[in-house]
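Welcome! Please take a look at the sequence and the 3D structure below before reading on.

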Amino acid sequence: MKGRLGRVLVGILGLVLPLGVFNRYVLYLVSLALVYYMAAAGTDLLVGYTDQLSLAGAAFFGLGAYTVALGSGLLHQSWAEGVLAAAAVGAMGGMVLGLPALRVQHLSLGVSTLAGVVVLNTWFNASPSFLGGSLGGSQGLVVPAPTIGGHPLSSRWLWAGIYGSAAAVWAVERNLIRSQYGRILWALKDSPLALESLGTALAPVKMGVFVFSSALIAVAGAWYGLLSGTIDPTVFDPNLSITLIAMAVIGGSGWEMGPLVGALFVTVLPQVFALMGFGPWANLSYAIAFFLTLRWAPEGLGRRWSRAWQTWRAARIRLGRRDVGGRPLGGG
Amino acid sequence: MADLLEVVEVRKSYGGVQALKSVSFSLAAGEVVALMGPNGAGKTTLVNVICGHTRPDGGVVRLDGRSLAGMGPARVARLGIARTFQNLCLFDHLTAVENVAVAVGLGAYRVSDAILRRWAFRAGEADILGRAEKVLDAVGFPPEARDLTPPMLPYGLRKRLELARALARNPKVLVLDEPVAGMNREEWPAIAGLIRAVAASGVGVLVIEHHWPFVQQVGQRGVFMAHGSVIAQGCWSEILSPREVVGRGLGRADGVGAPVL
């Protein structure tokens with residue numbers, strides 16, 4: 001219970017502090033980082049925990065963004081309804097893409113999910129008409145400013161909304177991972193063969209994770225639309241899929257804080273470098289961070305610490321000394 | 001007594017190679033049967049057929065009289081066949097107790113219970129971990145090593161952990177693929193005792209093992225395979241003695257190590 005109180009206090013501090021300290025631009029930037037955090041968390045669930053290389057992230061991000069834009073433009077939905085609708089559309093999109101894509105693995109899964117992104121991107125660029133409205137083609141769409149009681153939401157309220165949504169995503173993912181279902185995800189990554197022979201059918205687990213992850217990424221896309229005010233088919237850019245995976249990996253995949261660290265790193269650091277006049281260094285810093293995490297903590301800093309602790313424990317309790325700690329830590 | 005597990009005329013070919021040529025045998029509840037034979041005899045293919053990993057070309061496997069035809073490994077496992085693997089297949093990112101918890105906790109509570117941290121989750125989780133610890137105790141796994149991950153454990157304990165994980169499913173049939181491979185000889189009697197105790201509780205145990213002294217400690221009957229066929233089966237006195245096995249070029253004189261063709 002003490003831990004929970006601490007988390008709530010840190011949570012409130014994280015909400016209020018930026019309002020007092022940051023100017024509008026920096027507040028926008030951290031809002032954007034939290035939007036990407038949600039998408040990276042969804043990506044991490046799939047790529048980090050269950051080891052399924054999906055490049056469909058941008059497709060669901062874009063679906064979420066377009067859902068909120070069309071929902072408020074054509075159906076006069078409120079922003080909250082738009083975010084929920086985006087989750088539903090993302091989940092459905094996940095089912096549609098997951099059914100064929102999850103029959104293959106690794107590189108084939110990556111390629112087939114990438115195909116999903118390219119198809120959607122092309123389709124939205126071609127400016128089809130949809131439900132009697134236009135999808136805007138390469139010009140994109142304006143996302144009406146979110147309002148509450150007829151008044152447009154200030155950037156502070158928008159921050160609060162994004163923060164609340166990100167906190168919910170964090171709590172959901174944390175609770176999921178620290179349960180029987182989290183153990184099943186790790187088991188799926190470590191030995192699908194053994195998991196299956198314990199009575200767990202793999203297909204529904206994979207599909208469930210894929211759909212859940214798609215819904216999370218779509219929610220992030222919806223907030224992206226609300227935050228930026230305009231969207232165009234570049235939100236379906238395959239580069240975004242790779243950036244989302246980069247966020248999950250840089251922070252250390254399979255660690256609940258990992259996507260947050262990764263999202264802050266990728267969103268905020270280039271701006272900091274640019275302000276300091278070292279623009280070109282941003283890309284180099286990516287490369288270095290990538291290298292360092294992949295070399296030293298491929299499973300995330302959390303797991304790295306727990307492994308170090310494990311080695312120390314194993315050495316102390318002397319379980320047949322010869323074999324204990326035989327495996328090198330980290331990259332090995 | 002009706003047989004718990006029946007394998008009837010099972011056949012399987014890979015390309016032109018007949019891995020199994022009409023194999024039949026049976027296993028009763030409470031019995032330990034040793035499945036033996038040189039490398040390439042078809043033992044692992046047979047186990048994969050029994051556990052639903054491989055679909056046979058012909059023949060049928062029955063559990064409690066019910067045909068397992070067309071069922072995948074998860075289905076077969078839920079009906080009560082648990083297995084261990086020749087090369088350990090443990091969950092390396094999970095602690096020992098969590099490894100067993102994966103097996104114990106299937107369907108204990110719903111995803112929504114976990115996400116919302118409902119009471120069903122708290123009660124279910126406490127129950128799962130408690131049961132997992134009991135299973136680990138039952139196979140003689142040291143309590144102080146419960147929260148270590150498999151890569152940190154000595155080999156013998158990893159073997160015990162895999163056995164515990166299979167037992168946690170409360171199986172009717174337990175299939176052990178080389179349970180003492182890579183273990184010290186001093187550890188054999190403990191593992192043999194464990195297997196006999198499991199059988200005494202009414203589980204049918206199929207042990208795939210090369211080591212004659214070990215299988216004779218643990219099993220009541222042997223099924224000897226070579227080239228995809230059962231060449232002998234029955235009680236130890238009825239089938240080949242080690243000397244005869246050596247005479248036919250199927251094993252080594254000291255009975256240790258893999259018989260090599």
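This report covers the model's confidence, the meeting of its chains, and a sheet.

## What you are looking at

This is a predicted model, in which local features need pLDDT of at least 70, side-chain atom pairs count only at pLDDT 80 or more, and totals for chains, interfaces and linings use all residues. Residues are numbered from 1 along each chain as its sequence is written, chains are lettered from A and ligands numbered from 1 in the order in which they are written, and side-chain values use heavy atoms, with hydrogens and water left out.

The predictor gives each residue a confidence called pLDDT, from 0 to 100. Chain B averages 88, with 90% of its residues scoring at least 70. Its residues 253-261 stay under 50, and the model has 22 contacts (heavy atoms within 4.5 Å) for them beyond four places in sequence.

Chain A averages 84, and 90% of its residues score at least 70. Helices (H or I, at least four residues) and strands (E, at least two) are DSSP runs, numbered from the N terminus. Confidence in chain A is highest in helix 9 (residues 202-228), at 95, and lowest in strand 1 (residues 129-130), at a mean of 69. Residues 320-332 of chain A stay under 50.

## Where the chains meet

Between chain B and chain A, 47 residues of chain B are in contact with 42 residues of chain A. The two chains bury about 3,700 Å² between them, 61% of it on carbon and sulfur atoms; this buried area is the accessible area (1.4 Å probe) lost on being put together, summed over both. On the chain B side, His93(B), Ile115(B) and Met152(B) lose the most area to chain A, together 21% of what that side buries.

The interface has 1 salt bridge, a term for a side-chain nitrogen of Lys or Arg within 4 Å of a carboxyl oxygen of Asp or Glu. Its partners are the side chains of Glu125(B) and Arg183(A), at 2.8 Å, N to O. Several elements of chain B each supply at least two residues to the side touching chain A, including helix 2 (73-79) and helix 6 (155-167). Helix 5 of chain B gives the most, with 5 residues.

## A sheet in chain B

Chain B holds an open sheet of 4 strands in the order 2-1-4-5, with antiparallel pairing. Two strands pair if DSSP finds at least two bridges between them. The edge strands, strand 2 (17-27) and strand 5 (66-67) of chain B, each pair on one side only.

Strand 1 (residues 5-14) and strand 4 (residues 58-63) of chain B pair in the antiparallel sense over 5 bridges. Arg11(B) stands opposite Gly58(B) in strand 4 of chain B.
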